[in-house]
Amino acid sequence: MNKPVIDEQHVRALARPTFGNAASLIHLGLVLAAAAFVTVDTLFVAHQDASFAGVRLFLLAAPTVFVFFIGSALWGAEAAGPAWFVHLALVVSVLLQSLALGWFVRLVHGGSRTRTARPQGA
(Lines give C-alpha, C1' and ligand atoms only; values in the text may rest on other atoms or scores of the structure.)
Protein backbone atom coordinates (compact mmCIF):
# COMPACT_ATOMS: atom_id res chain seq x y z
CA MET A 1 0.00 0.00 0.00
CA ASN A 2 1.35 3.42 -0.94
CA LYS A 3 1.92 5.89 1.84
CA PRO A 4 0.24 9.28 1.21
CA VAL A 5 2.54 12.16 0.36
CA ILE A 6 1.14 14.35 3.12
CA ASP A 7 -0.13 12.54 6.16
CA GLU A 8 -1.65 13.82 9.39
CA GLN A 9 1.73 14.20 11.06
CA HIS A 10 3.02 16.50 8.30
CA VAL A 11 -0.15 18.59 8.40
CA ARG A 12 0.18 19.02 12.16
CA ALA A 13 3.86 19.89 11.82
CA LEU A 14 2.93 22.73 9.42
CA ALA A 15 -0.21 23.83 11.29
CA ARG A 16 1.51 24.14 14.67
CA PRO A 17 3.82 27.04 13.74
CA THR A 18 1.18 28.59 11.47
CA PHE A 19 -1.65 28.73 14.03
CA GLY A 20 -0.09 27.68 17.34
CA ASN A 21 1.59 30.80 18.71
CA ALA A 22 0.61 34.32 19.69
CA ALA A 23 2.60 36.12 16.97
CA SER A 24 1.00 34.13 14.15
CA LEU A 25 -2.48 34.50 15.64
CA ILE A 26 -2.07 38.27 16.01
CA HIS A 27 -0.91 38.51 12.38
CA LEU A 28 -3.84 36.40 11.17
CA GLY A 29 -6.23 38.48 13.30
CA LEU A 30 -4.96 41.71 11.77
CA VAL A 31 -5.36 40.28 8.29
CA LEU A 32 -8.91 39.11 9.06
CA ALA A 33 -9.80 42.52 10.46
CA ALA A 34 -8.40 44.24 7.36
CA ALA A 35 -10.27 41.80 5.09
CA ALA A 36 -13.51 42.48 6.97
CA PHE A 37 -12.94 46.23 6.64
CA VAL A 38 -12.28 45.90 2.89
CA THR A 39 -15.40 43.77 2.45
CA VAL A 40 -17.65 46.21 4.32
CA ASP A 41 -16.10 49.19 2.54
CA THR A 42 -16.52 47.58 -0.87
CA LEU A 43 -20.09 46.35 -0.39
CA PHE A 44 -21.76 49.00 1.74
CA VAL A 45 -19.96 52.34 1.30
CA ALA A 46 -20.53 54.51 -1.76
CA HIS A 47 -17.44 56.33 -3.02
CA GLN A 48 -17.02 59.09 -5.55
CA ASP A 49 -13.71 57.53 -6.54
CA ALA A 50 -11.91 54.29 -5.82
CA SER A 51 -11.27 53.39 -2.19
CA PHE A 52 -7.80 52.55 -0.97
CA ALA A 53 -9.07 50.16 1.72
CA GLY A 54 -7.56 47.18 -0.09
CA VAL A 55 -4.09 48.67 0.13
CA ARG A 56 -3.95 47.83 3.85
CA LEU A 57 -4.65 44.20 3.06
CA PHE A 58 -1.85 44.07 0.49
CA LEU A 59 0.54 45.77 2.92
CA LEU A 60 -0.19 43.07 5.51
CA ALA A 61 0.48 40.40 2.87
CA ALA A 62 3.64 42.10 1.55
CA PRO A 63 6.28 41.15 0.45
CA THR A 64 5.25 37.59 -0.43
CA VAL A 65 2.13 38.63 -2.34
CA PHE A 66 4.28 40.69 -4.68
CA VAL A 67 6.43 37.63 -5.40
CA PHE A 68 3.26 35.92 -6.68
CA PHE A 69 2.43 38.96 -8.81
CA ILE A 70 5.93 39.07 -10.30
CA GLY A 71 5.72 35.36 -11.07
CA SER A 72 2.34 35.86 -12.70
CA ALA A 73 3.71 38.73 -14.80
CA LEU A 74 6.65 36.59 -15.90
CA TRP A 75 4.19 33.92 -17.10
CA GLY A 76 2.38 36.51 -19.19
CA ALA A 77 -0.66 37.44 -17.11
CA GLU A 78 -1.80 41.03 -17.42
CA ALA A 79 -1.58 43.18 -14.26
CA ALA A 80 -2.10 40.79 -11.33
CA GLY A 81 -4.08 38.22 -13.28
CA PRO A 82 -7.66 37.14 -12.76
CA ALA A 83 -9.51 37.91 -9.52
CA TRP A 84 -9.27 34.32 -8.28
CA PHE A 85 -5.48 34.50 -8.59
CA VAL A 86 -5.31 37.72 -6.57
CA HIS A 87 -7.42 36.20 -3.79
CA LEU A 88 -5.43 32.96 -3.80
CA ALA A 89 -2.14 34.89 -3.76
CA LEU A 90 -3.35 36.89 -0.74
CA VAL A 91 -4.41 33.79 1.20
CA VAL A 92 -1.24 31.82 0.44
CA SER A 93 0.96 34.83 1.21
CA VAL A 94 -0.67 35.41 4.59
CA LEU A 95 -0.40 31.72 5.51
CA LEU A 96 3.27 31.62 4.45
CA GLN A 97 4.00 34.67 6.57
CA SER A 98 2.20 33.14 9.54
CA LEU A 99 4.26 29.96 9.11
CA ALA A 100 7.46 32.03 8.94
CA LEU A 101 6.45 33.93 12.09
CA GLY A 102 5.85 30.63 13.87
CA TRP A 103 9.25 29.30 12.85
CA PHE A 104 10.86 32.56 13.95
CA VAL A 105 9.15 32.39 17.35
CA ARG A 106 10.34 28.80 17.73
CA LEU A 107 13.88 29.85 16.79
CA VAL A 108 13.86 32.71 19.30
CA HIS A 109 12.51 30.48 22.08
CA GLY A 110 15.24 27.92 21.54
CA GLY A 111 13.95 25.31 19.13
CA SER A 112 11.14 22.89 19.65
CA ARG A 113 9.43 22.78 22.98
CA THR A 114 9.71 19.31 24.39
CA ARG A 115 8.40 18.42 27.78
CA THR A 116 10.78 16.79 30.18
CA ALA A 117 9.63 13.91 32.32
CA ARG A 118 9.11 14.80 35.96
CA PRO A 119 8.71 12.42 38.85
CA GLN A 120 5.17 11.96 40.11
CA GLY A 121 5.90 13.29 43.59
CA ALA A 122 7.60 16.51 42.52
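**Contacts, aromatic pairs and core of the predicted model**

Thr-18 touches Ser-24, Leu-28, Leu-95, Ser-98 and Leu-99, with residues up to four places away in sequence left out of the list; contact here means heavy atoms within 4.5 Å. The structure is a predicted model, in which local features need pLDDT of at least 70 and side-chain atom pairs count only at pLDDT 80 or more, whereas totals for chains, interfaces and linings use all residues. Residues are numbered from 1 along each chain as its sequence is written, and side-chain values use heavy atoms, with hydrogens and water left out.

Thr-18 is placed in helix α1, residues 8-19; helices (H or I, at least four residues) and strands (E, at least two) are DSSP runs numbered from the N terminus. With a relative accessible area of 7%, Thr-18 is buried, a class that covers values under 20%, with exposed over 50% and partly exposed in between (1.4 Å probe, protein chains only). Ser-98, found in helix α5, is likewise buried, with a relative accessible area of 0%.

A pair of aromatic rings is described by the distance of the centres and the angle of the planes. Rings of Phe, Tyr and Trp (its six-membered ring) pair if their centres lie within 6.5 Å; planes under 30 degrees apart count as stacked, over 60 as edge-to-face and the rest as tilted. By this rule there are three aromatic pairs. The rings of Phe-66 and Phe-69 have centres 6.3 Å apart and planes at 70 degrees, so this pair is edge-to-face. Both residues belong to helix α4 (residues 64-74), three residues apart, about one turn of the helix. Phe-66 is partly exposed at 38% relative accessible area, while Phe-69 is buried at 14%. Trp-84 and Phe-85 also form an edge-to-face pair, 6.1 Å centre to centre with 90 degrees between the planes. Of these two, Trp-84 is exposed, at 58%, and Phe-85 is buried, at 18%.

In soluble globular proteins, nonpolar side chains tend to be buried together. A nonpolar core is taken as a set of buried Ala, Val, Leu, Ile, Met, Phe, Trp, Tyr and Cys residues joined through side-chain atoms within 4.5 Å. The largest such core has 14 residues, and those with the most contacts inside it are Leu-57, Ala-61, Val-65, Phe-69, Leu-90 and Val-94. Two or more residues are given to this core by each of α2, α3, α4 and α5, and α5 gives the most, with five residues. Leu-90 touches Leu-57, Phe-58, Ala-61 and Val-65, residues up to four places away in sequence not being counted.

Between α3 and α4, the loop contains Pro-63. A cis peptide bond, with omega about 0 degrees, joins Ala-62 to Pro-63.
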